[in-house]
Amino acid sequence: MILFPNILFTQYLSSSRGVGVAAFTALSSDVSSVDWNPAGLTNIREWELNFSNFKSTSIAKSGFTFQSFGIGKKFFEKHAAAIRYSPGSNLEFVVPAAFSVYDTAGNIIITKFDKRISFKKNYSVGYAYNILDELSFGFSARLFDSKVSDTKYFIDTNNVIQSQVSDYSASSWAVDFGAQYKINDGWYFGLVFKNLFKINEEDFTETMRNYQLNLTKSVCFGVAYSFSDRIITSFDIDTKNKLRLGTEISAFDLFKIRGGFYTTDFPKFSLEAASIGFGINYNPVQLSLSYLRFFEQTNRLGVSNIDILNMSRYADIDYTPFTPDRLSLSVSVNLGRTKDILARIEFVEMLSEVFPASYQTYAFRPIGKARVRNVSTKPIEAKVSFFVDDFMNEPTETKPFRINPDETVEVPFLAVFNSSINRVKKFSIYDGTVYVHAEPAADYDDRYQTRVLVRGKNDWNGDVLLLRYFITPNDPDIIKFSRKVLDKAKLENENGLLLKFEHATTLFNELSKHVQYINDPKQTADFVQYPAETISLRSGDCDDLTVCYAALLGGVGISSALVDVIPPDDPTNSHIYLMFDTGIEAPDANLISENSKRFVIRKNEKGIQTVWLPVETTVLSKGFTEAWNTGASYYFHDVIINNGIGKGWVRIVDLPTSF
Amino acid sequence: MNNKLFLLLTIAFVLGCQKPGPVEIIDDKDDSKLIDIKSTGSVSDTLYAVSGGDTSGNFGAQNSRYFAKLIHQSIRFDRLLRRDSLINSEAIFFDKDNSIKHNNRVITFPSFDVGTLKINGEVLNKFPRRMMLPMQGDTLIGYRYQLRRNYELTATNRWTSTGSGSIDAFDISIPSPPTIRVLNMPPRFINVSEPLNIKWDCTNPIVNIFISGEAGDLFARRLVPLIHLQIRNIKGGVTVPVKILELIPVKRFSRFVFSFVSESSETVRISGYPEEVLVHSSSVHSIFLSVQP
Amino acid sequence: MLTTQHVKKNIILIVALIFGFTINIFPEIKLLSVKGDVKVRRGVNEQWQLIKAGDILNYDDAIFIGNKSAGTVSINGQKKIALPEKTIVEISDLRFLSKEELLLKLAMDRIIAVPQQDRRNELMPAQTTIIHGEKKSEKSAAVPNAFGTVENALKMLNGAKLLFDNKFYGTCALRVREVLRIHPTIDTGAEYKLLTANSLEKAELYDEALNEYVSIPLENISAKQKQTLQQNIERLKNKSGD
């Protein structure tokens with residue numbers, strides 16, 4: 001006695017957005033994916049809270065019903081899981097008691113119902129995994145509870161009719177398996193096997209077996225295509241000949257309009273229902289409102305026929321022949337990372353190792369560069385930040401770089417280290433983090449972990465420009481040393497013009513008594529002692545002594561410069577010596593020497609030509625004069641005769657001074 | 001932002017506190033709505049019925065409030081291999097004010113003598129009622145009237161009495177109710193797990209079905225009224241749902257009588273008798289059946 | 001100790017010889033004859049020492065010819081140069097400089113000048129060490145050998161003339177500049193500026209020569225000099241106009 005076609009329902013009403021666009025298999029992307037397509041869970045970003053309410057508009061005195069509350073979480077980048085509690089996913093029928101029962105006094109005995117049948121889908125769980133960027137799989141399980149309350153009558157021994165309610169219950173888990181696939185140019189595909197497995201927790205007794213939810217198996221396929229940023233159209237079709245068609249249009253960036261059609265008996269296009277919906281994105285909250293209207297209202301107004309009840313086959317209990325028109329409201333809150341990613345860091349190149357001696361220079365010279373890609377569809381302004389924990393007080397930030405869609409820009413970034421980087425004793429590796437954040441967002445879009453190679457505080461890369469950062473004239477130990485030396489020498493009666501010359505001579509000679517020249521203890525040229533260390537250790541190599549002497553000179557206000565010689569025929573035999581400014585002007589050069597080979601005349605910042613003396617510190621033990629002679633000899637040979645400066649293999653690096 | 005969020009969620013919860021009502025399922029083909037189940041009352045209430053005269057059992061609770069009754073029944077019996085028909089007339093006038101009590105409980109009432117009582121000109125047998133009373137011993141507590149005779153169809157039933165003592169003579173006519181004849185009924189047994197579809201030939205807008213259990217042995221059969229169904233007769237029959245059939249205490253009795261009753265009744269006043277008098281006339285079709293669980 | 005340095009220098013020279021570049025190969029300079037007060041100053045020493053005929057002069061030596069004295073040197077045993085009295089010649093000046101070398105050396109002042117310190121990149125905190133108990137004396141002209149050095153400066157200018165006469169125009173111009181830098185008061189008559197300009201012109205650095213001519217103040221020079229100067233400026237203007 002099949003009077004009606006098999007009435008099967010595979011639609012879900014748990015997402016207002018889903019109701020709005022009708023076809024959601026390819027698009028499902030929030031916690032409600034546990035119904036539509038569990039693979040969609042991978043679209044959750046970090047945490048998602050989801051609330052749904054609905055109101056049956058065609059039923060008088062119906063208020064809003066709390067439909068569901070769900071939590072979704074993305075973890076380990078590629079995994080996502082969700083759990084949902086949906087007290088409002090109910091389907092309940094009552095068969096009223098039709099006959100009247102009177103007591104002996106002729107009063108009617110109130111019987112609430114003959115039968116009450118309720119189906120609930122209160123608990124759902126889902127898991128999904130991103131196998132590839134564009135492909136994800138997922139499964140979900142939904143617990144269906146069925147309960148029948150049946151009123152039974154009997155006659156007691158006094159021939160009085162009594163009634164009693166008996167409850168029967170059944171429950172089972174239905175497991176769905178789904179996949180979603182995205183293609184870059186705007187195509188989305190979804191495939192779900194509904195109720196693929198059923199695990200019965202509790203069965204009805206034989207007498208009630210016909211009230212058990214059958215949870216029929218079906219397969220649903222969905223396709224969506226996004227014509228532009230603003231329009232996306234989708235359609236679903238399933239093995240039960242249901243076809244859904246819908247569109248979502250972004251009116252503004254924040255506002256969306258949706259509409260959909262629900263048809264049955266495919267390939268006939270017999271309309272069952274239509275929907276309209278709105279969405280507002282107000283990060284981190286997404287609010288959706290939708291209205292679902294059925295064309296045939298029979299059975300949907302709270303009253304139906306027992307034959308329809310007996311005929312219905314269910315895949316789910318949301319969308320049934322009894323579902324009234326409804327207004328759905330969903331609120332989804334994204335916690336954690338919420339904004340759309342506009343920019344990605346593709347690659348980070350660290351341009352240099354970090355030499356603590358010159359840590360300040362990284363505030364002006366890029367320490368690395370990041371290749372940033374605009375992954376959005378609009379031009380963005382991206383800033384890159386860099387941070388190394390412990391060694392930086394806060395991240396540095398570059399100026400904004402404009403990047404067109406799908407283009408990349410290499411952004412050099414700086415590092416402002418704090419002095420704790422000087423605690424690094426030996427070559428070490430630290431984690432540095434590079435962030436990019438694109439306007440107008442406040443949060444960063446992408447992050448890139450990189451390795452920061454921090455040299456020991458005494459490490460040196462051989463670059464004379466770096467060497468100058470080892471020269472610390474303000475070091476209290478250096479000031480103490482030079483003050484002690486100069487106080488002892490009592491130079492106050494000396495000629496004022498020669499004061500600096502005398503100071504330099506005295507400091508050198510005292511240093512020569514105090515410190516011994518030795519070869520680099522590590523047999524390499526990449527270790528430089530700080531001046532205070534040299535004085536304290538009482539020994540140093542060429543670089544250490546040059547640095548130390550320069551610091552001593554700087555400490556008493558004598559400008560100096562490093563002369564860096566890299567012979568072109570033998571670059572490995574490079575050498576550094578020093579020259580300092582005696583402050584004596586060129587016409588007074590004879591006060592120092594009549595032999596012009598012994599000095600260098602350099603114009604200072606004020607345009608005055610003064611006499612500089614080259615000094616070779618490796619001959620420290622032989623005293624100042626010999627060091628001067630050697631330095632002058634080198635300079636004459638390298639610069640005057642061989643023109644090393646003009647040819648570029650001799651470099652003079654002035655050491656800054658505040659005097 | 002957090003405050004806004006909190007507010008929003010609160011609204012969402014508050015808005016959602018209602019629960020949608022269930023879908024009411026109507027069964028168009030179910031005759032339950034035509035059926036009222038009336039209580040038959042406890043056996044002690046049916047003082048009259050236990051006399052064995054009332055084969056239909058229809059003098060249960062609903063009629064027990066009348067202290068005087070003039071009853072005329074034209075009854076057809078269907079047993080497995082037998083069909084009988086007869087007319088049963090009975091009458092009694094209880095003396096309400098002089099109840100007989102034992103341990104402060106009313107056991108019964110005495111009844112008046114109304115002289116010679118006739119139905120359609122035939123004299124009813126007058127039976128004395130005797131009772132062993134604690135103080136008086138065997139005592140006459142009044143009379144009852146009964147007549148059984150062959151089935152005969154009459155349009156009107158006329159009760160006449162000569163009167164006796166304080167009760168004056170009376171002459172009362174009441175039209176006969178439409179006759180009832182059950183057309184389809186299983187001959188031997190019914191099954192409670194299947195709805196019982198019954199058709200009858202009767203124009204009375206109300207048809208009563210009394211289901212009684214048959215107790216006692218072959219020689220002292222006794223009927224215990226169990227279920228009284230009052231059917232609104234709009235379609236010449238009824239489908240009795242399983243829910244009602246399940247009421248039949250199949251284990252307590254081996255056989256049951258389904259009595260289909262079309263009745264008409266009215267109340268009259270008789271000079272000298274203080275209470276209302278029920279004048280009852282019915283057409284009864286009783287079918288004896290086994291009931292299987 | 002000095003010898004060690006020389007050994008090192010020689011090694012460098014040998015290395016340079018083998019690889020054949022970067023280091024100029026100096027010719028052998030030999031003192032052929034000596035008359036009167038002739039001395040040599042080796043390398044970066046301060047002292048002049050006696051020298052005799054037949055001694056070899058190193059490239060970093062200087063030779064001194066006193067009053068009423070004379071000497072002769074040979075270059076690679078071929079070219080002979082007579083050194084007149086009151087002359088000091090740096091041996092390293094006895095060489096020809098290419099135009100490019102000369103240009104570089106002329107620019108050297110600028111190249112080795114102390115750069116303007118970029119205060120934005122000033123990473124060193126201010127250095128504020130002050131030596132207490134110190135009095136700065138007045139600038140004193142009472143330099144021990146100031147008089148003698150002026151004499152020697154004039155001898156070096158004479159040496160520069162000798163360089164010019166022997167067509168060592170590049171080293172001549174550079175030498176005059178350096179002497180005048182240390183002794184700016186000597187050349188009141190602009191004689192040596194004219195010599196510099198002439199040398200630059202001979203070395204075919206016309207723009208530089210022209211600049212040098214133009215920089216000579218006219219009030220301090222004789223009418224004849226002025227006339228020559230004007231002619232030279234005109235001539236060079238035409239040349240540099242090419």
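**Chain contact, strands, helices and cores**

Me: How many residues does the contact take from chain A and from chain B?

Reply: This is a predicted model, in which local features need pLDDT of at least 70, side-chain atom pairs count only at pLDDT 80 or more, and totals for chains, interfaces and linings use all residues. Residues are numbered from 1 along each chain as its sequence is written, while chains are lettered from A and ligands numbered from 1 in the order in which they are written. Two residues are in contact if their C-beta atoms, placed from the backbone, lie within 7 Å. On that basis the contact takes 39 residues from chain A and 38 residues from chain B.

Me: Which element gives the most to the side of chain A that touches chain B?

Reply: Helices (H or I, at least four residues) and strands (E, at least two) are DSSP runs, numbered from the N terminus. Elements that each supply at least two residues to this side include β2 (47-56), β9 (135-155), α3 (306-311) and β20 (326-335) of chain A. The largest share, 4 residues, comes from β5(A).

Me: How do the residues of the side of chain A that touches chain B divide into nonpolar, polar and charged?

Reply: Ala, Val, Leu, Ile, Met, Phe, Trp, Tyr, Cys and Pro count as nonpolar, Asp, Glu, Lys and Arg as charged, and the others, Gly among them, as polar. The division is 23 nonpolar, 12 polar and 4 charged.

Me: What is the bridge partner of A:Val303 in β1(B)?

Reply: Two strands pair if DSSP finds at least two bridges between them. β18(A) and strand β1 (residues 23-26) of chain B pair in the parallel sense over 3 bridges. Within β1(B), A:Val303 has as its bridge partner B:Glu24.

Me: Which residue of β20(A) is the bridge partner of A:Tyr291?

Reply: Strand β16 (residues 270-282) of chain A runs antiparallel to strand β17 (residues 285-294) of chain A, with 10 bridges, and a hairpin through 2 residues joins β16(A) to β17(A). In that pair A:Ala273 stands opposite A:Phe294. β17(A) is also joined to β20(A), antiparallel, by 8 bridges. There A:Tyr291 has as its partner A:Leu327.

Me: What is the order of strands in the open sheet of chain C?

Reply: The edge strands are β4 (56-57) and β7 (79-83) of chain C, each pairing on one side only. Strand β1 (residues 29-35) and strand β6 (residues 70-75) of chain C run antiparallel and are joined by 6 bridges, with C:Lys30 opposite C:Ser74. The sheet has 4 strands with antiparallel pairing, in the order β4-β1-β6-β7.

Me: At what angle do α5(A) and α8(A) pack?

Reply: Axes are lines fitted to C-alpha atoms, for helices over the stretch in contact, and angles run from 0 to 180 degrees between N-to-C directions. Helix α5 (residues 476-489) and helix α8 (residues 542-555) of chain A have axes 9 Å apart, at an angle of about 75 degrees. α5(A) is therefore roughly perpendicular to α8(A), by a scale on which angles under 35 degrees count as roughly parallel, over 145 as roughly antiparallel, 65 to 115 as roughly perpendicular and the rest as oblique. The angle is about 75 degrees.

Me: Which residues of α8(A) are met by residues in α5(A)?

Reply: The residues of this contact divide into 5 nonpolar, 2 polar and no charged. From α5(A) come A:Ile478, A:Ile479, A:Phe481 and A:Ser482. In α8(A) they meet A:Ala551, A:Leu552 and A:Gly555.

Me: Which residues touch the most other members of the largest nonpolar core?

Reply: A nonpolar core is a set of buried Ala, Val, Leu, Ile, Met, Phe, Trp, Tyr and Cys residues joined through C-beta atoms within 7 Å. A residue is buried if 20 or more other C-beta atoms lie within 10 Å of its own, exposed if 12 or fewer, and partly exposed in between, with C-beta atoms placed from the backbone. Not counting residues up to four places away in sequence, A:Val563 touches residues including A:Ile576, A:Tyr635 and A:Ile652. Of the 148 residues in this core, the most other members are touched by A:Val384 and A:Val563.

Me: Is A:Arg538 buried or exposed?

Reply: A:Arg538 lies in the loop between α7 (531-537) and β30 (539-540) of chain A. Phi of A:Arg538 is near 60 degrees, a positive value in a residue other than glycine. Because A:Arg538 has 9 C-beta neighbours inside 10 Å, this residue counts as exposed.
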